[in-house]
Every structure is written in C-alpha cells, then in structure tokens.
Amino acid sequence: FAAYSMFPLLNREGLALAYICCQVLFLLLFGGIFEDTKIHPLLRRGLAISLLGMVLIHFVQMIGPPVPGLPDIYTYLITSYSFVNFCMDYLGLIFLIRAENRHDATNKPKTD
C-alpha cells in the first residue's frame, strides 16, 4: 500500500501503468491475507477498509472532472489519506507489539 502515497508523483512522471501493475501484483500475491484466520479480525477489517478507500479515491479521480480552482485536490486527497493510513499502521503495530509482549509475559514459565 505504500506505493499508493507515491501515485501523484508516479502519475506525473508517466509511470501510472507501472503503479497499476505493482498494485495488481501485490493484490494477487497477498490478497489471501484478507481470508487468513490467524490475523486479528480488526486488522483484516482495517486492511479492507483502507483498500476500499484507496480504490474509491482512484475511481473518483478517474471519473471526476478537474475541480476549477483546485487542480491538486486529488493529490491532497491521496497524500492525506496515505498519512492517515501510515498513522493507523503505526498505531496498529504498537498494539500488536504490546499484545505480543503481554502474551509472552503471561506464558513465561516461572522459575523458582
């Protein structure tokens, strides 16, 4: 999903097709993550919502006409959405690390 934040730059440089290929390849290789039962349901739901938002913003950008007076509105939408996703990823990783540490602490064998 990190390539999503770079889409405005890649698009400006004429690399939109390479971006689309990378995103499709990622979904083909790692699309099964949404059905993996080992992943916390909240994390799976968050990934699906994140992906849906990315697709929706791309769809609006493709079909929506350029907004007069706001030529970079789609760039701002993409970068802002990416920022929120990176923050949520960071908080999610902190949550997972803390949960793992709690799990390790409760399962540690007692040494007397």
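What percentage of the 112 residues in the protein chain do buried residues make up? Buried residues account for 17% of them. Please keep in mind, everyone, that this is a predicted model.

Let's start with confidence. The chain has a mean pLDDT of 83, with 88% of its residues at 70 or more. Among the elements, helix α2, residues 7-12, has the highest mean pLDDT, 89, and helix α1, residues 2-5, has the lowest, 84.

Now the fold. You will find 5 helices and 0 strands, so the order from the N terminus is α-α-α-α-α. As for contacts between residues at least 6 apart in sequence, 52% join residues at least 24 apart.

Next, let me point you to His40. You can find His40 in the loop between α3 (16-30) and α4 (41-63). His40 counts as partly exposed, because its relative accessibility is 40%, and partly exposed covers the range between under 20% for buried and over 50% for exposed. From His40 to Leu96 is 56 residues in sequence, yet their C-alpha atoms are 9.5 Å apart in space.

Finally, the charged side chains. How many salt bridges does the structure hold? The count is 1. Arg12 pairs with Glu13 in a salt bridge, and their closest N and O atoms are 3.5 Å apart. Arg12 itself is exposed, because its relative accessible area is 63%, and the cut-off for exposed is over 50%.

Thanks, and I'm happy to take questions!

Technical notes: Residues are numbered from 1 along each chain as its sequence is written. This is a predicted model: local features need pLDDT of at least 70, side-chain atom pairs count only at pLDDT 80 or more; totals for chains, interfaces and linings use all residues. Side-chain values use heavy atoms; hydrogens and water are left out. A salt bridge is a side-chain nitrogen of Lys or Arg within 4 Å of a carboxyl oxygen of Asp or Glu. Buried means under 20% relative accessible area, exposed over 50%, partly exposed in between (1.4 Å probe, protein chains only). Helices (H or I, at least four residues) and strands (E, at least two) are DSSP runs, numbered from the N terminus. pLDDT is the predictor's confidence in each residue, from 0 to 100. Contact means heavy atoms within 4.5 Å.
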